[in-house]
Amino acid sequence: MQNKVSLSQYVRKRNGVALGANHSMRNMLSRSLGAGSFPVFWHYWNPIWGYYLSRNVMKPLGLFLPSWLAVVFTFLVSGALHDLAVSLVKWKVIIFFTPWFALMGITVVLSKHFAISYRSYPWFVRTAINILFIGSALLATCLVEGKYA
């Protein structure tokens, strides 16, 4: 992403509509859930958050780390920021999103490395696969943290 791309331009490119426009959320959900691979899911998911993560985390890390490691660290930062927000609301330390997002980041890297694509399947099948990836990482995190032990 070039530094000259504004948030509005970035969101329009991801959602197909302007920032705050009608159907912005619908487009984001349809494009991300119906993506033909897990890396493409994250390409479309939450473009506002993605814009800032890309500009302030991924791009700087990519200057000195291999791109796959920059991806994993970007997911870690995103998870840590989610944990921080929940910790501030609950007034206790929460470490849940960081490992969950790390697993999703690793899934992105591995699925890209192995060129896992399901774009030829119908939208609802692609959606089920993307939800399965997210849900599997969530379940693994819950199991490790003892939430379902």
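## Basis of the model

The model is predicted: local features need pLDDT of at least 70, side-chain atom pairs count only at pLDDT 80 or more, and totals for chains, interfaces and linings use all residues. Residues are numbered from 1 along each chain as its sequence is written, and side-chain values use heavy atoms, with hydrogens and water left out.

## Overall fold

The protein has 7 helices and 0 strands, where helices (H or I, at least four residues) and strands (E, at least two) are DSSP runs numbered from the N terminus. Along the sequence the pattern reads α-α-α-α-α-α-α. The radius of gyration is 16 Å, close to the 15 Å that the globule rule gives for 149 residues, so the protein is as compact as a globular protein of that length. This radius is taken over C-alpha atoms, and the globule rule is 2.2 Å times the number of residues to the power 0.38. Taken along the principal axes, the C-alpha atoms fill a box of roughly 40 × 35 × 35 Å.

Of the 149 residues, 37% are buried; buried means under 20% relative accessible area, exposed means over 50%, and partly exposed lies in between (1.4 Å probe, protein chains only). The protein exposes about 9,300 Å², of which carbon and sulfur atoms supply 68%. Accessible areas come from the Shrake-Rupley method with a 1.4 Å probe, and for residues only the protein chains shown count as cover. Among the contacts (heavy atoms within 4.5 Å) with a separation of 6 or more, residues 24 or more positions apart account for 60%.

## Helix α7

Helix α7 covers residues 123-144 and has 22 residues. From its first C-alpha to its last it reaches 32 Å, close to the 32 Å expected at 1.5 Å a residue; the expected span of a helix is 1.5 Å times one less than its number of residues. The buried residues of α7 are Arg-126, Thr-127, Asn-130, Ile-134, Ala-137, Thr-141 and Cys-142. Seen down the helix axis, these buried residues fall within an arc of 150°, so they line one face of α7. The arc is that of the directions from the helix axis to the C-beta atoms.

The cover over the buried residues of α7 includes α2, α3 (38-44) and α6 (97-113). On the other side of the helix, Phe-124, Leu-132 and Val-144 are exposed. Gly-135 also lies in α7 and is partly exposed, with a relative accessible area of 31%. Its C-alpha atom is separated by 9.7 Å from that of Met-104, 31 residues apart along the chain. Just after α7, Gly-146 takes a positive phi of about 80°.

## Helix α6

The 17 residues of α6 should span 24 Å at 1.5 Å a residue, and the end C-alpha atoms are 24 Å apart, which agrees. The buried residues of α6 include Phe-97, Trp-100, Phe-101, Met-104, Val-108 and Val-109, together with Gly-105 and Ser-111. Covering the buried residues of α6 are elements that include α3, α5 (67-90) and α7.

## Two residues of helix α2

Ser-32 is found in helix α2 (residues 24-33) and counts as buried at 0% relative accessibility. The side chain of Ser-32 reaches the backbone oxygen of Met-28 at 2.7 Å. Leaving aside neighbours within four places in sequence, Ser-32 is in contact with Phe-41, Tyr-44, Trp-45 and Asn-130. Asn-130 is itself one of the buried residues of α7.

A polar contact of 3.5 Å joins the side chains of Asn-27 and Arg-26. Such a contact is a pair of N or O atoms within 3.5 Å; within protein, one must be able to donate a hydrogen and the other to accept it, and residues adjacent in sequence count only if both atoms are side-chain atoms. Not counting residues up to four places away in sequence, Asn-27 touches Asn-15 and Val-17.

## Positive phi in loops

Asn-46 is found in the loop between α3 and α4 (47-62). Phi of Asn-46 is near 40°, a positive value in a residue other than glycine, and Asn-46 is partly exposed, with a relative accessible area of 31%.

Ala-115 lies in the loop between α6 and α7. Although Ala-115 is not a glycine, it has a positive phi of about 50°. At 59% relative accessibility, Ala-115 counts as exposed.
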